[in-house]
Amino acid sequence: MADGRPTKGGAGAGGSRAVVYVALAGNVLVAASKFVAAGVTGSSALLTEAVHSSADTTNQILLIVGGRRSRAPADGTHAFGYGMEIYFWTSMVAVLVLLAGGAVSLVDGWLHLRSPRPIDSPLVSLGVLVLSAVFEGTSFLFGLRAYRRMTARHEAPDEDVGVWAFIKRSKDPNLYESLLEDGAALIGLALAAAGVLLSAYAGAPWADGAASIAIGAMLVADAYVIMAATRSLTAGETVAPAFHAALERALAERHAVLGTSRIDTLHLGPEAVLVALSISPPESLSLPDLRREMADVRRDLVRVDERVRFLQFRFDD
């Protein structure tokens, strides 16, 4: 017996989408300022950072497109909706944007290493990098607050979930991709600043190209992390351990009569979860009572987490 009526979406969805829009606004401003400064100063590291910010801008656009498409209603070909489509678009972010940005940075840095030249107006470069750090830092802090709100709402109260563990557990690319992107952007800015300072004031013109190569390598690593996380989600992930434990407690405390032997879960996107219960109710339980019990289970599991949008029952042999 199955019941697939959807309930209200996840409470954290709006917050994670806001993170994407904030990051997009910051990246547009940062990319424009970096391109102008790179043209004035001739800095390879600054040009690499401009490409990086352009790639980040494209990232956010793809996530917005993917997010909108993933919220399309269920139809005859997608009975559980299109929630998992966001994972496809996140894969495109990693493959087509981050890797491409990394490759451009590596090539540009290598060319400048072979033919280094001094940086004109290094103070302009440093000023733009500082301004960019303010924009990127603001976006990163916004995403960090969203991460803390989400862990407070969905994780066990006594469990300390660090940022890295959250990125590996998170089912919402809007949030984990933005955190990775903004974190990489701040590291890239520090590398670019080091390259400009060493090239302009320490008599090491090669440092500018070396910084570009370091930024490119970081982008490739960033792309790998995003692809690894999204590959697992695309293959179909269960809910987080704390979520699963909460489902078990709700069933054990209020619905022991159903004799639930197994709980299987599947994320159908950041805002939708399918729960499949294997049950063996006693023969003495009448059909009307069984139906009422199943309806109560749906209500109680949605109270545990409103991302539970689909519930299926399987009878043990």
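**Entry 1**

How many residues of domain 1 are in contact with how many residues of domain 2? I looked this up before anything else, keeping in mind that the model is predicted. I found 15 residues of domain 1 in contact with eleven of domain 2. The domain assignment puts domain 1 at 14-235 and domain 2 at 241-315. Taken over C-alpha atoms, their centres are 39 Å apart.

**Entry 1: the chain as a whole**

I then went through the overall numbers. The chain has 317 residues, and 49% of them count as buried. Along the principal axes, its C-alpha atoms fill a box of roughly 85 × 40 × 30 Å. I noted nine helices and four strands, in the order β-α-α-α-α-α-α-α-α-β-β-α-β from the N terminus. I also checked contacts between residues at least 6 apart in sequence: 76% of these join residues at least 24 apart.

**Entry 2: strands E2, E3 and E4**

Next I followed the strand pairing. E2 (residues 262-267) pairs with E3 (residues 273-279) in the antiparallel sense, over six bridges. E3 also pairs with E4, this time in the parallel sense and over seven bridges.

Ile263 has Leu277 in E3 as its bridge partner, and Leu266 stands opposite Leu274 in E3. On the E4 side, Ser278 has Arg314 as its bridge partner.

The hairpin of E2 and E3 has five residues between the strands, and Gly269 takes a positive phi near 135° there.

**Entry 3: which faces are covered?**

Here I had a general point in mind: side chains in a regular strand alternate between the two faces of the sheet. In E2, I found Ile263, Thr265 and His267 on a covered face, while Arg262, Asp264 and Leu266 make up an uncovered one.

How many of the residues of E3 are buried? The count is seven of seven. Val273, Val275, Leu277 and Ile279 point one way from E3, Leu274, Ala276 and Ser278 point the other way, and all are buried.

**Entry 4: the largest pocket**

The largest pocket has a volume of about 290 Å³. It is lined by 21 residues, and those closest to its centre are Ser70, Arg71, Ala72, Gly83 and Arg309. By class, I sorted the lining into eleven nonpolar, six polar and four charged residues.

Which domains supply this lining? Domain 1 and domain 2 each give at least three residues to it. Looking at elements, I saw that helix H2 (44-70) and strand E4 (308-315) each supply at least two.

Key
Residues numbered from 1 in each chain as written. Predicted model: local features only at pLDDT ≥ 70, side-chain atom pairs only at ≥ 80, totals over all residues. Heavy atoms only, no water. Buried < 20%, exposed > 50% of the residue type's maximum accessible area, 1.4 Å probe, protein only. Pairing = 2+ DSSP bridges. 1 Å grid on protein atoms, 1.4 Å probe; cavity = no way out; pocket = protein on both sides within 12 Å on 5 of 7 lines; lining within 4 Å. Points joined across faces, edges and corners; volume = space filled by probe spheres on them. Nonpolar A, V, L, I, M, F, W, Y, C, P; charged D, E, K, R; others polar. Domains from an automatic or database assignment. Contact = heavy atoms within 4.5 Å.
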